[in-house]
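Please consult the sequence and the model while reading.

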Amino acid sequence: MERIREFLDKWVRRGFDPLLAVMERLGITPNHITVVAFLINLGAAVLIVFGYYIWAASIFIVAGLLDLVDGSLARRTGRTTPFGSFLDSTLDRLSEGAIFAAIAYRLAIDQGVALQMRGVNVALVVLALLGSVTVSYTRARAESLGVECRVGLASRFERIFLICVGLYQDVLPYVIYVMLALTMFTVIQRVVYTRRRLAIKEEEGGIVER
């Protein structure tokens, strides 16, 4: 999966190079793109609430591509800043929260499912969101300890892909089940990986702040 993400990033940088050049000439900053992507994600959440899944998935993909574009534009223009990274991560979490909230609403009003099962599905959406946020948190926390932690099966790219599949195929409950399992497994992977890397640092005499 890491290779797929790297390929997509390179594809965006190469395929969208003319667009990036235009953005640079117009003075569009990576933070502008980050905010636009966030607003598009909110639009996708609204469409999910009203049941327009295909449209929601389509613009959700656009937002995902913009999420790659902002990083490429930052590197191209030399505007890779700590605040830009902070803003991107913050709005990514808010975007995910909005999308999951919209999905929870749709599952809560699904008349084709028993009332009790609807409650279970909503609870699982909440847990999947928790898993999603924790995946991002474990990476950030590991990096604060000096460990680059990108391992795992359910990074942001995979989560976006799964949600799009669920929207296009109208199988959101099953996607939530899969995502919950993968995010929790990824959290465990990252905890184990970080523990091992920190143990190696300690053996090498590295100082780890807690």
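Helices are DSSP runs of H or I with at least four residues, and strands are E runs of at least two, numbered from the N terminus. This is a predicted model, in which local features need pLDDT of at least 70, side-chain atom pairs count only at pLDDT 80 or more, and totals for chains, interfaces and linings use all residues. Residues are numbered from 1 along each chain as its sequence is written, and side-chain values use heavy atoms, with hydrogens and water left out.

Q: What makes helix 5 roughly antiparallel to helix 6?
A: The axes of helix 5 (residues 82-108) and helix 6 (residues 115-144) cross at roughly 170°. Angles under 35 degrees count as roughly parallel, over 145 as roughly antiparallel, 65 to 115 as roughly perpendicular and the rest as oblique. Helix 5 is therefore roughly antiparallel to helix 6.

Q: Why is Thr186 called buried?
A: Buried means under 20% relative accessible area, exposed over 50%, and partly exposed in between (1.4 Å probe, protein chains only). Thr186 has 0% relative accessibility and therefore counts as buried. Thr186 lies in helix 8.

Q: Which residues does Thr186 touch, not counting residues up to four places away in sequence?
A: With contact meaning heavy atoms within 4.5 Å, Thr186 touches Val135, Val151, Gly152, Leu153 and Ala154.

Technical notes:
Axes fitted to C-alpha atoms, helices over the stretch in contact; angles between N-to-C directions.
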